Amino acid sequence: MNYSNYLYSDIPRSEVIKKAVEVLESNPSLDDSGLLYPHSLFILARIFIRLDLYHDAEVALKKSQSIYAGLENGDGVARINILLGYISRLLGEKDVAEVLYKQAREHYLSTGNRKFMSESLQSLAILALEHQDTQLAIKQLEQAREEAGDHEPTKIAANFKIAWVSRKDNPTYAIELLRKVRKSYREYGGRNMAALCQYQMGVAHFMKKDFKEASRTLLVAYEEFQLLDNYGQMAFTLDWLADSEEQRGDLEAALRYNGESLSIVEKIENHKQVVSCSISRGRFLVKMGRVNEALVAFESAEKVARDRCNDDELERTAREEIEKLSVSEPEGQ
């Protein structure tokens, strides 16, 4: 199990922890306390998340949570709520994520567990960022850093998120902080988090409108994620590379990066990202004068948003792009 925890932050592999789960299922007498089996399911779910297998992760987490609840183990239930909230946020279910994060935080406030008090508040801060409330996000993250106390890994995680939130309004500060955090993760062997720092630095350079440096930094991040089989983050990196190349005037490169990202998110079935990629693709194609291809991209985005995401906002965005094209078409065509 400890080895699988290491794999979570490095190159994820599920074989070892799956074997542990199977052994515990077939030999329940090995688990005297009843806690080893749900914990192994929790570790398996974390590996599934790193492999972008969100449905499999949810199944394992809910099974684990049911066992913890039966044992009246509030810590186990709360830890799983944080991970379920993370999956919900990634899949665009922000209201669900907020409820889960708040439930976890209420539990840890009642027990005084500073590490997880901090972790749950950090998660709520990222939701605040996604709701465009940067001030609240920074305030929550600074509080979370204090709540972490002497737990250095949790404080480093808070600093990483502070830099993440600061990348738009204060990109220079974000880059400086990310360099320090990246150094710490590299020293501790956290290769995935070190790559995430590199990625966030690339986005911060984009925010500074230093698009050449943004592309260079993002390419390094992409290569690091590729070595770690982090396909979901590879896709996000390609999205920013596409935007950066668009700003540099290279629409062919932008379209190429967009296509690579779209292929990844289709493969891992992140339907929300499929819609976003398809909309971006349509916009690039419009700028290139390839209107018919753009229409296909927008119509595909609308269909996926309606049929697979149940996301009214994304569906509306795709429909608006289609309407713009129909309005701009010359009469008689």
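At 28% relative accessibility, Gly92 counts as partly exposed, a class that lies between buried (under 20% relative accessible area) and exposed (over 50%), taken with a 1.4 Å probe on protein chains only. The place of this glycine is the loop between α5 (74-90) and α6 (94-111); helices here are DSSP runs of H or I with at least four residues, strands are runs of E with at least two, and both are numbered from the N terminus. Gly92 and Asp307 are separated by 215 residues in sequence, and their C-alpha atoms are 15 Å apart in space.

The model is a predicted one, in which local features need pLDDT of at least 70 and side-chain atom pairs count only at pLDDT 80 or more, while totals for chains, interfaces and linings use all residues. Residues are numbered from 1 along each chain as its sequence is written, and side-chain values use heavy atoms, with hydrogens and water left out.

The search was run on a 1 Å grid over the protein atoms alone, where a cavity is a set of points at which a 1.4 Å probe fits but cannot get out, and lining residues have an atom within 4 Å of a point. Grid points are joined across faces, edges and corners, and a volume is the space filled by probe spheres set on the points. By this rule there is one cavity of 30 Å³ or more, and the volume of the largest cavity is about 30 Å³. Its lining is made up of Gly232, Ala235, Phe236, Asp239, Val265, Ile268, Asn270 and Gln273. Helix α13 (residues 231-247) gives the largest share of that lining, four residues. Sorted by class, the lining has four nonpolar, three polar and one charged residues, where Ala, Val, Leu, Ile, Met, Phe, Trp, Tyr, Cys and Pro count as nonpolar, Asp, Glu, Lys and Arg as charged, and the others, Gly among them, as polar.

One of the lining residues, Asn270, lies in the loop between α14 and α15. Asn270 counts as buried, at 5% relative accessibility. Leaving out residues up to four places away in sequence, Asn270 touches Leu90, Leu91 and Val265, contact meaning heavy atoms within 4.5 Å. The loop between α14 (251-267) and α15 (271-287) also holds Glu269, a residue other than glycine whose phi is positive, near 60°. Glu269 is exposed, with a relative accessible area of 52%.

Asp229, which is not a glycine, has a phi of about 55° and is found in the loop between α12 (211-227) and α13. Asp229 counts as buried at 17% relative accessibility. Just after α3, Asp52 takes a positive phi of about 65°. As for helix α3 itself (residues 36-50), its 15 residues should span 21 Å at 1.5 Å a residue, and its end C-alpha atoms are 22 Å apart, which agrees; the expected span is 1.5 Å times one less than the number of residues. Of the 15 residues of α3, 13 are buried, so this helix is largely enclosed by the rest of the structure.

Ser123 has its place in helix α7 (residues 114-130) and is buried at 12% relative accessibility. Apart from neighbours within four places in sequence, Ser123 is in contact with Ile82 and Tyr101. Ala158, in helix α9 (residues 152-166), is buried with a relative accessible area of 0%. Not counting residues up to four places away in sequence, Ala158 touches Gln122, Leu141 and Arg145. Between Ala158 and Val181 there are 23 residues of sequence separation and 9.9 Å in space, C-alpha to C-alpha.

The cysteines complete the picture. The structure holds zero disulfides, a disulfide being a pair of cysteine sulfur atoms within 2.5 Å. The sulfur of Cys309 is 12 Å from the closest cysteine sulfur, in Cys277, which is too far for a bond. Cys309 is partly exposed, with a relative accessible area of 22%, whereas Cys197 is buried at 0%. Lys180 and Cys197 are 17 residues apart in sequence and 9.4 Å apart in space, C-alpha to C-alpha. Lys180 is found in helix α10 (residues 171-188) and is exposed, with a relative accessible area of 61%.

Terms used: On a 1 Å grid over the protein atoms alone, a cavity is a set of points where a 1.4 Å probe fits but cannot get out, and a pocket is an open set with protein on both sides within 12 Å along at least five of seven lines; lining residues have an atom within 4 Å of a point.
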